[in-house]
Amino acid sequence: MPFVTTKKMLQDAQDGHYAVGAFNVENMEMVMAVIEAAEEMNAPVIMQTTPSTVKYAGLDYYLANVKAAAERADIPVALHLDHGSSYGLAMQALRTGYTSIMIDGSHEGFEDNVVLTKAVVDACRPSGIPVEAELGKVGGKEDDLDGGDGDGYTDPNQAKEFVERTGASSLAVAIGTAHGLYKGEPKLEQERLSNIRQVVSVPLVLHGASGVPDEAVREAIRRGICKVNYATELRIAYSNGIKEVLKTDPDIIDPKKYGAIGKKYVKTFVMEKIRNCGCVNKG
């Protein structure tokens with residue numbers, strides 16, 4: 001079916017007390033794997049690209065790839081700009097045809113974050129494109145993204161004011177997750193999440209979920225998370241599949257053959273996370 005936005009998708013998740021899986025895709029095989037997994041589980045799905053991914057090939061390349069896959073599918077698919085790093089990039093994604101935009105002003109001061117986020121929201125509103133924002137700093141490093149040391153947790157009262165002043169459609173919160181790989185088991189501040197949920201009406205987003213125990217993610221969903229982002233573990237799954245093929249057959253030269261195994265690994269991972277998010281048969 002044609003692309004959808006994340007607006008109704010996340011509102012339905014909030015009303016139904018589940019979350020939608022959001023998966024960062026970096027090539028055709030990963031796109032195919034995520035769509036196949038979502039279709040088999042009849043689940044809505046969000047496909048994402050980061051600024052570094054966009055820099056590699058371009059917004060139009062990724063949109064065309066995901067759009068072709070989405071139009072063959074019978075489940076709702078949205079294409080989301082993850083961690084939009086500037087107003088300019090957000091506008092490029094909007095004009096290209098992305099159906100969901102994130103503007104990440106979390107590295108700015110509170111007032112500057114408000115100004116930047118509101119500017120993107122105002123620009124996207126006429127097209128009906130929802131905007132995700134971030135308040136607090138999700139730690140860790142991945143590609144060009146440096147979340148710092150991860151100690152800038154989201155303040156519930158600031159979150160309420162931020163959403164009211166910006167009009168953001170959803171809010172990514174910092175409760176102890178990080179981008180990239182964890183050195184130990186992450187400890188999520190679930191009570192803080194509950195406090196944010198009590199005062200913020202829009203859907204809440206959990207970044208840095210790769211490596212977070214499934215039970216911790218389920219608890220976060222019970223406390224109000226409606227969108228869960230996965231990136232690093234998809235890369236690991238895809239790379240592990242290719243490594244397996246090259247280990248057993250180092251002379252292989254057909255990219256389709258090792259790409260298919262990488263795709264299989266990604267699909268298995270995505271199905272596990274869709275199940276954990278509770279969005280099976282919500283498509």
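I count a contact when heavy atoms lie within 4.5 Å. The model I am working from is predicted.

**Entry: Arg223**

I started with the neighbours of Arg223. Leaving out residues up to four places away in sequence, I found that Arg223 touches Gln190, Glu191, Leu193, Ser194 and Arg197. I then looked up where Arg223 sits. The loop between helix H9 (214–222) and strand E11 (225–230) holds it.

Next I took the pair Arg223 and Glu191. In sequence they are 32 residues apart. In space, their C-alpha atoms are 8.4 Å apart. Their side chains make a polar contact at 3.4 Å.

**Entry: Asn42**

I turned to backbone angles. Most residues other than glycine have a negative phi. Asn42 has a positive phi, near 50 degrees. I placed Asn42 in the loop that runs between helix H2 (28–40) and strand E2 (45–49). Its relative accessible area is 28%, so I logged Asn42 as partly exposed.

**Entry: Asn281**

Asn281 belongs to the segment after helix H11 (255–277). I logged Asn281 as exposed because its relative accessible area is 56%, and the cut-off for exposed is over 50%.

Definitions and conventions: Residues are numbered from 1 along each chain as its sequence is written. This is a predicted model: local features need pLDDT of at least 70, side-chain atom pairs count only at pLDDT 80 or more; totals for chains, interfaces and linings use all residues. Side-chain values use heavy atoms; hydrogens and water are left out. Helices (H or I, at least four residues) and strands (E, at least two) are DSSP runs, numbered from the N terminus. Buried means under 20% relative accessible area, exposed over 50%, partly exposed in between (1.4 Å probe, protein chains only). A polar contact is a pair of N or O atoms within 3.5 Å; within protein, one must be able to donate a hydrogen and the other to accept it, and residues adjacent in sequence count only if both atoms are side-chain atoms.
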